[in-house]
Amino acid sequence: MTLLTYLRRKLGLTGTKLGCAEGGCGACTVMLSRYQTHTNQLLHYAVNACLAPLCSLHLVAVTTVEGIGSVARKLHPVQERIAKAHGSQCGFCTPGIVMSMYALLRNNPKPKMADVEEAFHGNLCRCTGYRPILEGYKTFTVEGGCCGGRGRENGCCMTNGNGVEESSNKDDDEATSLFNPADFAPLDPTQEVIFPPELMSLTKGQRSASLRFHGERAVWLQPNSLDEFLRLKSEHPDARVVVGNTEVGIEVKFKNMVYPVILAPAFIPELNKVTQTEDGIVFGAACTLSHMGAVLKQAVQTLPPHQTEVFLAVLEQLRWFAGLQIRNVAAVGGNIMTASPISDLNPVFMAAGCKLTLMDKDGSRVVHMDDGFFTGYRKTILRPQEILLSIELPYSKKSQFVSAFKQSPRREDDISIVTAAMNVTFTPGTDVVEDLKLSYGGMAATTVLAKKTANRLLKKRWGEELLQDACSLLAQEMILDPSVPGGMVTYRRTLTLSLFYKFYLTVLQKLRAQGVAVEEVPSDCLSAAEIFHPETPSSVQVYQAVPEGRSQDDSVGRPMMHLSALKQATGEAVYCDDVPLYENELYLALITSTKAHANILSVDASAAERMPGVVCCVFAEDIPGCNATGPIAYDETVIANRQVTCVGHIMGAVVADTQLHAQRAAKAVKVQYEELQPIVTIQEAIAAKSFYQPIRTLQKGDLEAGFEQADHILEGEMHIGGQEHFYLETNVTLAVPKGEDGEMELFVSTQSAAKTQSLVAKALGVPANRVVVRVRRMGGGFGGKESRTTVLSTVVAVAANKLKRPVRCMLDRDEDMLITGGRHPFYGKYKVGFMNSGKVVALDVSYYSNTGNSTDLSLSVMERALFHMVNSYSIPNVRGRGFLCRTNVPSNTAFRGFGGPQGMMICESWMSDVAQSLGRPAEEIRRLNLFVEGELTPYNQTLDQITLDRCWDECLSRSGYQERRAAVDIYNSQNRWTKRGLTIIPTMFGISFTAVFLNQAGALVHIYTDGSVLLTHGGTEMGQGLHTKMVQVASRVLGIPCSKIHISETSTNTVPNTSPTAASASSDLNGGAVQNACETLNERLQPYKNKNPKGSWEDWVTAAYFDRVNLSANGFYK
């Protein structure tokens, strides 16, 4: 059992969230505290609770977000500042971010901004873009936050050079301050939660005993001495050794690995010891990567620089090694013994020739970490009964230079594409290569040395000729099979040369610094050798200021904190899976297809039904209503019964007493398929003419005449990939049968409560009035929860109906990404006609979207792409066609922009082509083609009161675009290998649903006799602050403070037939409905205001109540 499961399911502490279950998102971050007897100090460190085994926490104190503060009691400054700085939107990531910051402050009450950024490398936020989080927490740092020029202590940014100059052409009606740091409670390190004295006494007074835990499928053995560890390894040679569980936890969770015996030697003194020898620093194999980093940083500060080349290379890799939560528990020995071919550190250890001490109960041996250490994929030379005791990192020599490199899709917390470490030693005082080691990860099944290349370069001088030889030799030696796992063969092979080139330049600079006569690195190549150090981000937010004289109670237009921000920061905000467990509740796990297109021949669930905890399996025959489903067309199944049309197609479900039992049983279900030919890509669909109907066409003007008129015609194409929504809270549903009349209550994380209600009712075969769907908040949606949530909700409802018991299911991240679709991949073909002036006169564009295995909302997505095919540009003759490609992938769906970004992206592609073909600046061509007042769009909308040209010119002016452009051009001319870019792009985006009937909303407002107001409306809260805005609307219309108004949730039994919260229109639609309801109530209260003009709000409400006036009103807007 993990710590996260124990916290949430056993203790009911739901503030700690599950985001990915693999230590990648940080939503589950907690702080562990341990008393270290060898230093007599407390160690506080952040960890991922989703990977921390409960049995590894003996004598450890665990601090969760609930433990440091609460709304009812008192907020901790870490919680207060993220909330008041607007750093919590959907709030699902907020508890993890709070705990990362809290752990940092417990160790360092005055951190630098770089420390804050490092602490968040292991935390993801999908909503905020991190800006408000960093701005709020900057107030804790030595750099300090912005005091607005009031000279606040802690270092004013305007005096220490970190200030942002205020724009000289800032308008008087604009404001920039979103919060006042002076209002924050100060941080007092003396008032933190103390380490439990009982634990300290136990740790000090007892010699740690051996521990043994027995689980259903595994035994956890925690030896207390090296001798016992060696004995256990001899008795259980196949046992898995676990320190941080950062690798084994993933294998057990996602790769279905079972390890009957686990040895946990994390606290054996010899494995944690760090000693300095004449040759280097020896680290025990259980030393964490964080501890190793701290020791190496200290060594770099105290030792002569020439001795620390290897240490600096290791530290450079540790900068980008996972997140801090992982480094705090992952052991250096585990990194070596995992033998990953894309390890970040093993290439450094190999290039440096580190010594490894291996041991078994009969003795020890020392081996060098060379090309013979890794014997195959994830295999080493260690014998089954041996353990890794320690690793020695050697000191470098004066004529030795070491560098390490990592290339990954993103810099922080990501797995490598290629890693490399390079170690060269020269004959003292010369540039003649005496020894050279080039080590690469990601280029074979193991970490490898480029020995042939290195041997051929010995005795050569470090110059241009050596560089040419090295590149030629590496290209021959570092080869990859075209079908190699991970793909990107050409890119990876190129990286081996590029990384050597960076090393070559770096060494040239270091040799010159030592006075060796080598060629000088050209100034335009210097940037290739630079080590990346991110600048601390700075920003300014500009918004319209509230006019003078407006009442302070009128919150409209003011930067009001998200209503739930404080609860989100303390972990008290209740998300769907945080709803307390029902007494007889069960858990559901899905059975999904492993084939993209196949007929189902048989499904054997007998093995699953015999597994521990399993109650039953659910298949299509258990659906009492209709198996056909879908948000618009009923072209999907709730549960597949004859054929599957994508990998991840739901074929059934297993219901058990716990999530673990249900998921294990679901994997035991055996399915026999008759495979059919799948269509996966857009190109395959075009070749097979596999399209959904209809094919949409949008046309204006005379296309032929336009192309005849044009001076130039160009054609092109563009491929746009898909995108995963990655809402931090995965899809979750809790279905509770009510016991009579077929009624059922569902708690769902969905943007579309009404559609969930109707499709669940359809599957259950009951009227919609028997189903209530409740949505308090979502941990993000981004369109992914507009229609695809029903894929899960209907199955869970069917299972609950069958068993007449509450059933819950929250998908794991891998399940969610497998089952649900994402943004539509697009392929665009275009033909553009334009004049010598740059004016575009004709456009013919065809869009192809990868729709997936059902239509879902794809026709509407394509229509919006067509509406945006000219973006903000006036083109007299235009035709756009949209093709929906029917493929065997999970149905793609709504995603922020809803087809608009794809349409505009392809538009900007051909606009750039036009500018490039004419040799003119792109911004000039864009400005020339902008819409102007009174023109018609391709969809025949007359543009009235258009400010596009004014906005464009103002944006150029206020941003200093031309000056920035000139600076970019100068930089690019002076740097060959790194380039900067700058562009300005207009955007014209359609607000509201394109299906007119969806542009409606309802609201219900109750006024109670104490003057408090309960408000509900048809929109759902997913972090965008919709509830906050609705309270602001009601506050203004009713003329009362926001504190008197409360929104509990969105539910289908208060506001019926609601449209999805989507289309950038929910504030407008629901705000109109709230306004309508509040105006109705105002009319009813007006007579009492007239009678008692000096009375209070409560006086008027009480008078109306005693006069039998209805204090509840519906609102509607369309």
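These are my notebook entries on a few places I looked up in this structure, which is a predicted model.

**Entry: cysteines**

I began with the disulfides and found zero of them in the structure. Next I checked Cys 616, which is in no disulfide either; its nearest cysteine sulfur, in Cys 617, is 6.7 Å away.

A reminder to myself: an α-helix has 3.6 residues a turn, so residues three or four places apart point the same way.

**Entry: a four-stranded sheet**

Here I followed an open sheet of four strands, ordered β16-β17-β18-β19, with antiparallel pairing. The edges are β16 (400–407) and β19 (448–449); each has a single partner strand, so one side of each is left without a neighbour in the sheet. Inside the sheet, β17 (residues 418–426) and β18 (residues 433–441) run antiparallel and are joined by eight bridges. If you want a pair to find on screen, Ala 420 stands opposite Tyr 440 in β18. Helix α17 (residues 489–513) packs on this sheet and touches β16, β17 and β18. The direction of α17 makes about 145° with that of β16.

**Entry: strand β38 and its partners**

How many of the seven residues of β38 are buried? Six are, so I wrote down that this strand, residues 1001–1007, is mostly covered. On one pairing, β38 meets β42 (residues 1112–1117) in the antiparallel sense over six bridges, and Val 1005 stands opposite Ala 1113 in β42. Five bridges join β38 to β39 (residues 1013–1017), also antiparallel, and there Leu 1004 has Thr 1016 as its bridge partner. β38 and β39 form a hairpin with five residues between them, and Gly 1011 in the turn has a positive phi of about 95°.

**Entry: nonpolar cores**

The largest nonpolar core has 78 residues, and Phe 349 and Leu 393 have the most contacts inside it. Helix α11 (residues 309–319) gives the most to this core, with six residues. I listed contacts of Leu 393 beyond its neighbours within four places in sequence, including Ile 281, Phe 311, Val 314 and Phe 349. Another core, of 59 residues, lies apart from this one; among its members are Leu 134, Tyr 575, Ala 662 and Tyr 727.

**Entry: Arg 1084**

My last stop was Arg 1084, found in helix α32 (residues 1066–1091). Arg 1084 counts as partly exposed because its relative accessibility is 28%. Leaving aside neighbours within four places in sequence, I found Arg 1084 in contact with Val 1109, Asn 1110, Ser 1112 and Ala 1113.

Conventions: Residues are numbered from 1 along each chain as its sequence is written. This is a predicted model: local features need pLDDT of at least 70, side-chain atom pairs count only at pLDDT 80 or more; totals for chains, interfaces and linings use all residues. Side-chain values use heavy atoms; hydrogens and water are left out. A disulfide is a pair of cysteine sulfur atoms within 2.5 Å. Two strands pair if DSSP finds at least two bridges between them. Helices (H or I, at least four residues) and strands (E, at least two) are DSSP runs, numbered from the N terminus. Contact means heavy atoms within 4.5 Å. Axes are lines fitted to C-alpha atoms, for helices over the stretch in contact, and angles run from 0 to 180 degrees between N-to-C directions. Buried means under 20% relative accessible area, exposed over 50%, partly exposed in between (1.4 Å probe, protein chains only). A nonpolar core is a set of buried Ala, Val, Leu, Ile, Met, Phe, Trp, Tyr and Cys residues joined through side-chain atoms within 4.5 Å.
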